[in-house]
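Please look over the structure shown here before reading on. The notes after it are grouped by topic.

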Amino acid sequence: MPSPEPVFDTETHVSLQLDDVGRLRHLLTLKGLEKSLLIDILDDAVRYLGPPGAMPVRSRALAGRTVANLFFEPSTRTRASFDLAGKRLGADVLNLDVNTSSRRKGESILDTIQTIEAMRVDIMVVRDASAGVPLYIARHVSEHVSILNAGEADVSHPTQGLLDLLTIRQHKGGFENLIVAIVGDVAHSRVARSAAQGLHTLGVGELRLVSPPAMAPDADEMPFATIVDNLDEGLCDADVVMALRIQRERIGNLDCIPDPDEYFADFGVSLARMKRAKPDAIVMHPGPMNRGVEIEAAVADGPASVITEQVTNGVAVRMAVLARVSKSLQSR
Ligand code: CP
């Protein structure tokens, strides 16, 4: 008889993320984190990026530490970049293959976590399809373990949000005077939520969430943003355009998934539609992309695209976060 999975709640506790002297202990969400902390992480990430073209920066900040990557949902970028980030900081890195793990035999997530913790893992990087899992784990691990959220249902993807903030800052210098348009399936997107939370904290000039009505968030969820249901209106004079994939895996009723050609005609970020944005607008996408659906290949591969820079920044941001929570661990 498999162990029953607990019911997860999605209540966030900012205080749980910080230790008793205000340092980052867990990273579960960007919501509620101070502007100064976000900026410090971005500044750390810049140091881990190093000069363009140089060999990757390495340090011993995590020497003696063990990081476990526990991805209970597929990933290419996040998992690979946490793996590289841990190794470049000198940590031992365990990548649990969830497809062959004992969770397939009915082991509960808590038993899995306690098993990994017993191997003296210091930092667990967790991706899961259920909302509330990172918070639930953070509440149950010992005080010597940090939890990093690597993607939680449609709720939160904080390191993606940080790498998006870093990419925008690199290209635009700041946030206050920017118009940022997040385009596509916002309702099911943890990327959109974390980016929006971070942009709001850093004082973005204007944030537009541009979606067909069926993919728009609730009007009261992000009151600081404007919900727009017309792409030309949403892109008008935008400085930053972030295209989102349709999150098929989170849309219960497959009849609700639009026809790809119709979707591209109405909400695809194309060269023609990008003429509405500012001439120096950048185009972002968290990946994986569906070319010809939410983004035209000529845009994804064109001069406005910063998509591969986002990936490069992802490693640096994850190094910054790992090093920061490790400092909190040292005092315990
Ligand atoms: N952006 C992102 O989370 O990509 P992966 O699913 O490949 O990790």
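A residue counts as near a molecule or strand if one of its heavy atoms lies within 4 Å of it. By that rule, the residues around the ligand are S75, T76, R77, T78, R127, H157, Q160, P286 and G287. This is a predicted model, in which local features need pLDDT of at least 70 and side-chain atom pairs count only at pLDDT 80 or more, while totals for chains, interfaces and linings use all residues. Residues are numbered from 1 along each chain as its sequence is written, and side-chain values use heavy atoms, with hydrogens and water left out.

**The ligand**

- A polar contact is a pair of N or O atoms within 3.5 Å; within protein, one must be able to donate a hydrogen and the other to accept it, and residues adjacent in sequence count only if both atoms are side-chain atoms.
- The side chain of T78 has an N or O atom 2.6 Å from an oxygen atom of the ligand.
- Q160 places a polar side-chain atom 3.0 Å from a nitrogen atom of the ligand, and a polar backbone atom of P286 is 2.9 Å from a ligand nitrogen atom.
- The protein buries 91% of the 250 Å² that the ligand exposes when taken alone (areas by the Shrake-Rupley method with a 1.4 Å probe; for residues, only the protein chains shown count as cover).

**Domains**

- The chain is divided into domain 1 (10-153 + 312-330) and domain 2 (158-301), with bounds that come from an automatic or database domain assignment.
- The centres of the two domains, taken over C-alpha atoms, are 26 Å apart.
- In domain 1, 30 residues are in contact with 22 residues of domain 2, where contact means heavy atoms within 4.5 Å.

**Nonpolar cores**

- A nonpolar core is a set of buried Ala, Val, Leu, Ile, Met, Phe, Trp, Tyr and Cys residues joined through side-chain atoms within 4.5 Å.
- Buried means under 20% relative accessible area, exposed over 50%, and partly exposed in between (1.4 Å probe, protein chains only).
- The largest nonpolar core has 58 residues, and L148, L162, I182, L207 and L322 have the most contacts inside it.
- Helix α12 (residues 307-330) gives this core its largest share, ten residues; helices (H or I, at least four residues) and strands (E, at least two) are DSSP runs, numbered from the N terminus.
- Both domain 1 and domain 2 supply at least three residues each to this core.
- Apart from this core lies another, of 26 residues, including A181, V210, F267 and V293.

**N149**

- N149 lies in strand β4 (residues 146-152) and counts as buried because its relative accessibility is 0%.
- The side chain of N149 reaches the backbone oxygen of L28 at 2.9 Å and makes a polar contact of 3.0 Å with the side chain of E152.

**K172**

- K172 lies in helix α6 (residues 158-172) and is partly exposed, with a relative accessible area of 21%.
- Leaving aside neighbours within four places in sequence, the contacts of K172 include L178, D239 and I282.

**Backbone details**

- The peptide bond from G287 to P288 is cis, with omega near -5°, and P288 lies in the loop between β9 (282-284) and α11 (297-300).
- A153 is not a glycine, yet has a positive phi of about 40°; A153 sits in the loop between β4 and α6 and is buried at 6% relative accessible area.
- D237, also not a glycine, has a positive phi of about 60°; D237 is in the loop between α8 (231-235) and β8 (240-243) and is partly exposed at 39% relative accessibility.
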